[in-house]
Amino acid sequence: KEKCPIAFDNPYLEFPCLPEKEYLECILKVVNQENKPYNFEFVAPPQEFSGLSMTPCFQTVKPKGSCLIKVRYDAQFRELDPFQFKPVEEEEESQADLRKSLMNPKLQALIKKKKEEAEAKELEGAAPGKGGKQPAKGGKKPAEQKKAAPAKKVEEKKGGAKKTKKQEEEEAEQARLEEERRIQEEEEKKKAVLENFDEQKEYEKMLGRVNNFKDEDGRSQHFEWTVPCFYRPLEQAADEYLTTFITVRTVTGQPIVQLDKDELNFGEIAVACRKVLQIVCKNN
């Protein structure tokens with residue numbers, strides 16, 4: 001069995017149970033076991049769903065060298081909203097394009113060149129008298145030349161028949177029935193979305209798994225993520241890469257001590273004056 005050229009000091013990262021709204025950072029060491037430089041890239045699950053972030057996510061490691069990756073977890077109870085959740089399939093192409101752009105120096109240079117050209121055009125258009133077209137002396141401005149013709153006024157016939165009270169009531173009733181029908185259709189659509197939505201399957205598509213526990217003592221949420229790491233030798237083509245993985249486990253629990261305020265603002269205080277603010281700590 002061949003040895004993987006990219007190794008980790010700890011391929012299983014396990015964060016301790018953190019209270020909600022807290023965060024913790026740990027360091028992952030990536031080691032190049034070969035005598036040639038390697039590029040590698042971590043593709044962590046979306047932060048809004050996992051709370052995980054890795055910095056840097058893309059790096060070049062020297063022969064027989066190593067580098068450090070900061071892994072951060074922001075603790076929060078997370079639920080997938082079926083009405084706002086974007087399926088993972090729609091993200092796959094953009095993630096693949098992002099990976100190729102990071103792993104391909106030529107594509108990076110092309111993107112940079114296009115960005116510089118666009119900025120130069122903006123500056124050229126903004127600068128007065130440089131390449132920008134100016135109206136001739138005594139001539140009208142383009143906006144004045146191409147003035148839209150005024151819209152024709154529609155005149156109502158004088159002495160037209162007014163709606164009777166019965167007709168107004170019938171129209172109001174029809175509008176009410178249409179609104180009820182629209183609301184019923186929306187409720188049926190929402191019901192169908194809820195019936196077909198499987199939270200666990202959506203997490204599995206992101207290489208994750210979730211377990212929620214709730215009892216008299218409180219609530220806890222346990223996640224396990226498989227994070228892929230794509231790597232290749234520096235001289236190899238960008239689309240020819242291999243994959244290895246690390247596993248990250250996180251636990252979010254209810255806070256033991258809860259404060260009634262998240263922020264204290266003393267405002268402006270004159271010299272030699274005193275101001276006291278109170279904060280209440282509650283033991284859960």
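**View 1. Surroundings of Gln221.** Leaving out residues up to four places away in sequence, Gln221 touches Gln76, Phe77, Arg78, Glu79, Val210, Asn211, Asn212, Thr250, Val251 and Thr252, where contact means heavy atoms within 4.5 Å. The model shown is predicted, so local features need pLDDT of at least 70 and side-chain atom pairs count only at pLDDT 80 or more, while totals for chains, interfaces and linings use all residues. Residues are numbered from 1 along each chain as its sequence is written, and side-chain values use heavy atoms, with hydrogens and water left out. Gln221 has its place in strand S9, a strand being a DSSP run (E) of at least two residues, numbered from the N terminus. With a relative accessible area of 1%, Gln221 is buried (buried means under 20% relative accessible area, exposed over 50% and partly exposed in between, with a 1.4 Å probe and protein chains only). The side chain of Gln221 reaches the backbone oxygen of Arg78 at 2.7 Å.

**View 2. The largest nonpolar core.** This core has 30 residues; a nonpolar core is a set of buried Ala, Val, Leu, Ile, Met, Phe, Trp, Tyr and Cys residues joined through side-chain atoms within 4.5 Å. The residues with the most contacts inside the core are Phe8, Leu28, Val30, Phe40, Phe42, Met54 and Ile246. Several strands each supply at least two residues of this core, among them S1 (6–8), S3 (23–32) and S10 (242–253), and S9 gives the most, with five residues. In soluble globular proteins, nonpolar side chains tend to be buried together.

**View 3. Contacts of Ile246.** When its neighbours within four places in sequence are left aside, Ile246 is in contact with Phe8, Pro11, Leu13, Leu28, Phe42, Met54, Trp225, Thr226 and Val227.

**View 4. Tyr23 in strand S3.** Tyr23 has its place in strand S3 and counts as partly exposed, at 47% relative accessibility. Not counting residues up to four places away in sequence, Tyr23 touches Leu18, Arg72, Tyr73 and Asp74. Tyr23 and Leu52 are 29 residues apart in sequence, and their C-alpha atoms are 9.9 Å apart in space.

**View 5. Residues lining the second largest pocket.** Strand S11 (residues 257–259) gives the most to the lining of the second largest pocket, with three residues. The lining residues divide into six nonpolar, one polar and six charged, where Ala, Val, Leu, Ile, Met, Phe, Trp, Tyr, Cys and Pro count as nonpolar, Asp, Glu, Lys and Arg as charged, and the others, Gly among them, as polar. A pocket is an open set of points on a 1 Å grid over the protein atoms alone, where a 1.4 Å probe fits, with protein on both sides within 12 Å along at least five of seven lines, and lining residues have an atom within 4 Å of a point.

Key. Helix = DSSP H or I, 4+ residues; strand = E, 2+ residues; numbered from the N terminus. Polar contact = N/O pair within 3.5 Å; in protein donor to acceptor, adjacent residues only side chain to side chain.
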